[in-house]
Protein chains: 2
Amino acid sequence: MSETERYQTHAPENLEERFAHRAAHMKPSEIRSLFAVASRPEIVSLAGGMPNLSAIPMDVMASLLEKLVRENGQEALQYGSGQGHPKLREQICDVMALEGIRANPDDVLVTTGSQQALDLISRIFIDPGDVVLVEAPSYVGALGTFAQYEARVVHVEMDQSGLSPEALRDAIKTLRYQGSRIKFIYLIPNYQNPTGVTMPSSRRTEILNICREEKIFVVEDNPYGLLGFDRPSPNAMRAEDSENVIYLGSFSKTIVPGFRVGWALVPPTLREKLVIASESSILCPSNFSQLAISSYLANQPWRDQIASFVNLYRVRRDAMLETLDATFPKSANWTRPKGGFYVWVTLPAGIDTKAMMPKAIVAKVAYVPGNAFYADGLACRCG
Amino acid sequence: MSETERYQTHAPENLEERFAHRAAHMKPSEIRSLFAVASRPEIVSLAGGMPNLSAIPMDVMASLLEKLVRENGQEALQYGSGQGHPKLREQICDVMALEGIRANPDDVLVTTGSQQALDLISRIFIDPGDVVLVEAPSYVGALGTFAQYEARVVHVEMDQSGLSPEALRDAIKTLRYQGSRIKFIYLIPNYQNPTGVTMPSSRRTEILNICREEKIFVVEDNPYGLLGFDRPSPNAMRAEDSENVIYLGSFSKTIVPGFRVGWALVPPTLREKLVIASESSILCPSNFSQLAISSYLANQPWRDQIASFVNLYRVRRDAMLETLDATFPKSANWTRPKGGFYVWVTLPAGIDTKAMMPKAIVAKVAYVPGNAFYADGLACRCG
């Protein structure tokens with residue numbers, strides 16, 4: 001937009017003129033209409049990462065919430081701290097310790113799901129045109145947020161061990177040569193959304209070293225880390241680097257998503273700006289939601305609970321892989337995830353999975369075409 | 001920032017260089033540290049708008065929540081719709097009908113408190129340098145959000161009937177002459193935060209006409225509308241104009257704030273962008289929180305409940321005004337609010353209420369100095 005166009009000596013002529021520049025990026029995506037279809041009860045949905053709540057003891061949860069209001073309603077139903085409840089922030093540190101993280105509750109910000117953490121990180125870092133590096137492919141919800149902050153999203157190739165360090169070095173070199181400002185890299189190291197790929201420890205170290213040296217923050221999104229099927233996940237990247245890693249966690253996949261409680265663990269240098277950004281965005285997270293999760297963690301054997309989730313998801317992963325083995329052609333290939341929710345299938349060249357969607361819906365099955373996981377929406381480039 | 005400075009052919013030199021431009025506005029305000037002091041139990045706080053929850057029947061609330069999880073846990077604890085639960089959106093329309101609003105639930109977006117609605121509206125409208133008009137003085141939380149989106153906030157004088165139409169016309173004329181883009185005006189017509197002033201019907205109509213003609217959206221923030229002490233509030237501005245008014249509501253002051261449930265009722269032309277902005281910001285509001293409020297509205301005599309809140313707050317308003325009458329000098333004056341939470345006191349020239357704060361804290365009383373309610377933080381200019 002030129003400076004002249006910005007001047008406005010009269011009322012605006014039309015609605016478009018009244019929106020902010022960034023609003024041009026707020027268009028309905030194809031995946032949004034897909035989710036509407038996928039949530040119909042008659043459809044077998046392989047589309048969204050909706051946790052299976054059948055393993056949650058509803059009677060226990062009901063009693064805990066009743067007790068919470070009876071005994072501590074004045075606090076649970078009042079406004080709370082912008083940064084999040086101190087007790088829950090301590091318990092969050094205990095949860096993260098399972099993946100090797102040593103953290104101070106002062107460095108934890110509780111958010112309305114980890115999606116809000118993505119939004120706040122984008123807010124403090126991204127000017128229009130700044131570069132955000134992401135895996136190829138990457139989580140569609142993160143791509144949407146980065147787009148709203150008018151980032152230039154650059155995908156970096158993956159192999160069977162996750163993001164390729166060589167591809168990362170090349171991308172940084174090229175982007176810096178072009179004069180681009182690289183703000184952070186967004187990674188899902190465990191059971192990645194959408195590929196299901198997990199990054200081994202040595203690869204994590206390599207990526208951390210590159211990013212530290214290049215002063216590029218690592219945003220480690222880890223909602224599935226505790227959902228390893230056969231063995232625990234490798235230590236979190238944050239366990240190895242507390243100064244250059246922003247860690248995002250969530251209770252949506254390990255307890256329930258309905259309270260919308262996630263968090264960010266951040267280097268102390270970023271904490272104040274993130275808290276202020278969050279207060280400006282929602283004033284404070286729900287005290288009730290936070291104390292509900294806190295009470296569940298304090299009173300329920302939550303590690304056993306997660307183990308029962310894991311059993312549930314392992315059976316489903318096995319069923320999926322067996323069906324793929326039995327029914328898909330040899331010319332297709334797919335990932336074999338060791339945890340989490342996602343399998344990524346690559347079909348032979350010439351098959352357009354987006355065009356195939358309506359046929360799948362008629363057959364009462366929904367999936368997400370791979371192009372949704374690329375910022376430019378192009379066909380999948382992941383092997 | 002010049003184009004040259006934006007180029008970066010090497011790693012950034014320091015942390016400041018890594019933040020977005022807008023992050024410069026994310027600094028702790030004086031009012032933040034004040035709230036920390038004011039929430040200490042030994043302090044009589046006249047500072048924040050914390051509702052008094054003593055009128056809430058905690059046993060009823062506890063039972064409703066227990067029943068919600070037992071009977072509908074699979075839905076209440078799962079992810080929900082980005083726009084908000086359809087049933088609650090219908091009930092919200094019933095609540096708004098009390099202030100003369102006829103609305104379609106399709107035009108309601110449920111938010112994490114009405115603060116999130118302020119954030120989303122800022123997101124779809126404000127480019128850096130765009131003008132937002134506000135009352136002089138205005139709600140500190142809104143000023144903070146507008147600042148993060150790098151708006152130029154322009155205060156418009158008030159009189160005893162609220163925002164002055166003459167001052168508004170003058171401001172628009174001057175700003176348009178300067179080539180400024182005016183995006184919206186932010187108003188709290190009932191028991192305004194912080195002055196307690198209410199805008200009569202005729203004044204509302206006048207302001208609406210000016211804004212419609214000038215194509216400036218009216219953001220009507222109405223958390224206190226149902227808290228009139230002696231008679232119902234005038235009809236909402238949205239009741240008179242469904243195309244140019246964005247209405248914000250909240251259950252924080254009429255039920256409880258701990259669930260963080262607010263909403264925006266928007267013209268259909270804005271709905272899609274706001275829903276997409278909200279999904280990018282938090283994915284979806286808490287299903288549990290929404291169904292908790294929904295169940296309370298369906299099962300509790302909530303109008304009677306609000307009446308008991310009103311009785312509680314009337315007694316406190318009376319005590320405040322009686323004390324001011326009895327103890328304050330004739331050279332001071334103050335507003336006499338007909339509802340809501342706030343009294344605005346103007347002291348004789350020469351008394352610096354900010355400098356007086358430490359003395360008040362020693363005497364175990366907290367208040368908010370008037371300069372906090374001005375974007376430029378200058379001394380109060382409200383008569």
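Here are my entries, topic by topic.

**Ground rules.** I am working with a predicted model, where local features need pLDDT of at least 70, side-chain atom pairs count only at pLDDT 80 or more, and totals for chains, interfaces and linings use all residues. Residues are numbered from 1 along each chain as its sequence is written, while chains are lettered from A and ligands numbered from 1 in the order in which they are written.

**Sheet of chain A.** I started with the strands, which are DSSP runs of E of at least two residues, just as helices are runs of H or I of at least four, both numbered from the N terminus. I found an open sheet of 8 strands in chain A, in the order 2-9-8-7-6-3-4-5 and with mixed pairing. Strand 2 and strand 5 (162–163) of chain A are at its edges with a single partner strand each, so each has one side without a neighbour in the sheet. For pairing, DSSP has to find at least two bridges between two strands.

Next I followed strand 9 of chain A. Strand 2 (residues 108–112) of chain A runs antiparallel to strand 9 of chain A and is joined to it by 5 bridges. Within that pair, A:Leu265 is the residue opposite A:Val108. Strand 8 (residues 245–250) of chain A is also antiparallel to strand 9 of chain A, with 4 bridges between them. There I noted A:Gly249 and A:Trp263 as bridge partners.

Is strand 9 of chain A buried or exposed? I count a residue as buried if 20 or more other C-beta atoms lie within 10 Å of its own, exposed if 12 or fewer, and partly exposed in between, with C-beta atoms placed from the backbone. Strand 9 (residues 261–265) of chain A has 5 of its 5 residues buried, so the rest of the structure largely encloses it. Both of its faces are covered, with A:Val261, A:Trp263 and A:Leu265 buried on one side and A:Gly262 and A:Ala264 buried on the other.

**Core.** A nonpolar core here is a set of buried Ala, Val, Leu, Ile, Met, Phe, Trp, Tyr and Cys residues joined through C-beta atoms within 7 Å. Which members of the largest one touch the most others? They are A:Val219, A:Ala264, B:Val219 and B:Ala264, out of 185 residues. I listed the contacts of B:Ala264 (C-beta atoms, placed from the backbone, within 7 Å). Leaving out residues up to four places away in sequence, B:Ala264 touches B:Leu109, B:Thr111, B:Ala117, B:Ile246, B:Tyr247, B:Leu248 and B:Leu274.

I also stopped at B:Val245, in strand 8 (residues 245–250) of chain B. B:Val245 counts as buried because it has 24 C-beta neighbours inside 10 Å. Beyond four places in sequence, B:Val245 is in contact with B:Val218, B:Glu220, B:Met237 and B:Arg238. B:Val218 is 27 residues away from B:Val245 in sequence, yet their C-alpha atoms are 4.7 Å apart.

**Helix pair.** Helix 3 (residues 58–76) and helix 11 (residues 287–299) of chain A pack at about 125°, with axes 10 Å apart. The axes are lines fitted to C-alpha atoms over the stretch in contact, and angles run from 0 to 180 degrees between N-to-C directions. The contact involves, among others, A:Met61, A:Leu64 and A:Leu68 of helix 3 of chain A and A:Phe288, A:Leu291 and A:Tyr296 of helix 11 of chain A.

**Between the chains.** I found 73 residues of chain B in contact with 73 residues of chain A. Helix 4 of chain B gives the largest share of chain B's side, 12 residues.

I logged a cis peptide bond between A:Asn193 and A:Pro194, with omega about 20°. A:Pro194 lies in the loop between strand 6 (182–187) and helix 8 (201–213) of chain A. Another cis peptide bond joins B:Ala136 and B:Pro137, with omega about 5°.

A:Lys364 has phi near 65°, a positive value in a residue other than glycine. With 11 other C-beta atoms within 10 Å, A:Lys364 is exposed. B:Lys215, also not a glycine, has a positive phi near 55°. B:Lys215 has 16 C-beta neighbours inside 10 Å, so I put it down as partly exposed.

Terms used: Contact = placed C-beta atoms within 7 Å.
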